[in-house]
Amino acid sequence: MNWMLAAILICGASMVVTSCGDDDDDNNKGSERTPNTYEVTVTAILHKCTAEFFNLDVEYTDADGKKSTVTVKAGDLSETLSQEASTIYHKQSDLVAAAVDDGNGVNKAEFEKYIVKNIKITVPEGKKISFAGTARARKDYTLTSQYANIITPVVFSTCKLVSGNSPDMAMSGYSGVKKISAYMGVETSHLEEMFSTLDGLNAGKAEISM
C-alpha cells in the first residue's frame, strides 16, 4: 500500500514539473524581440502663389535602395496635411507670416494656400532612407499681375511605429522645416533675377537611419 502511495506522489510531482516547463516555454515565446517597422512620411509643401513660377521636385531613396522622383506643381490636387505635420510647418511659417504681414492679412493668407504631397515610405529597423526637395523655376509661366508673391517651398518628414516590440525610435525619422523665406509684392519685371536666386534652392533634405 505504501509503495502505491509513493508511486502516485512521484507521478503527481512529475506532472507538476512538466506543466511548469510548458508554461516557461510559453513565457519565453511571448518575450521574444520583434524588430520594429516604421512609416516615414515625407511631406512636401508648395505654396500656390509660388507654383505659378516654380515646381518642387522631391527625390527620395526607399529602404531597398530604389530611387524615385515626385514633382509637385501648379494644378495638382492637394493631399491632407496631417495634424502633426501642420504643427511642424506652422512653427516656422507663422513667424515668417507675421514678419511680412501687410496689416490686412492678405500676405499672411498666402501661407495657408498650398499644395501638399505626402510620400509614405516603409522602413524596417536597421534600414535607411533619404530625400531631397529642390525648387525648379518654370519656363512656361504666364504673367497675370504686375506683382508676385513667392514663398520658398519646404520638405520635411514625420515618422510613426507601425509594428514590432523593440524600443520605439520613431523620433529618428523626423526632420524639421528648413527656414522659409518670403518675397511679397515682387515686381514681375524682376522675376528673372528671382529665378537666378531661387532656382535649385534646397527645400529640405535628410538621410534617415532607423
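**View 1. Packing of the buried residues of helix α5 against strands.** The buried residues of α5 pack against β2 (54–61), β5 (128–137), β6 (147–151) and β8 (182–187). Helices (H or I, at least four residues) and strands (E, at least two) are DSSP runs, numbered from the N terminus. The model is predicted: local features need pLDDT of at least 70, side-chain atom pairs count only at pLDDT 80 or more, and totals for chains, interfaces and linings use all residues. Residues are numbered from 1 along each chain as its sequence is written, and side-chain values use heavy atoms, with hydrogens and water left out.

View 2. Leu-191, Met-194, Phe-195 and Leu-198 are buried (under 20% relative accessible area; exposed is over 50%, partly exposed in between, with a 1.4 Å probe and protein chains only). They lie on the same side of α5 because they cover an arc of only 105 degrees around the axis, taken from the directions from the helix axis to the C-beta atoms. Glu-192, Glu-193, Ser-196 and Thr-197, on the other side, are exposed.

**View 3. Leu-198 and its contacts.** Leu-198 belongs to α5 (residues 191–198) and counts as buried because its relative accessibility is 4%. Leaving out residues up to four places away in sequence, Leu-198 touches Phe-54, Ala-135, Ile-150, Thr-152 and Tyr-183 (heavy atoms within 4.5 Å). The C-alpha atoms of Leu-198 and Ala-135 are separated by 7.0 Å, although these residues are 63 residues apart along the chain.

**View 4. Thr-50 in helix α2.** Thr-50 lies in α2 (residues 48–51) and is buried, with a relative accessible area of 1%. Beyond four places in sequence, Thr-50 touches Asn-149, Ile-150 and Ile-151.
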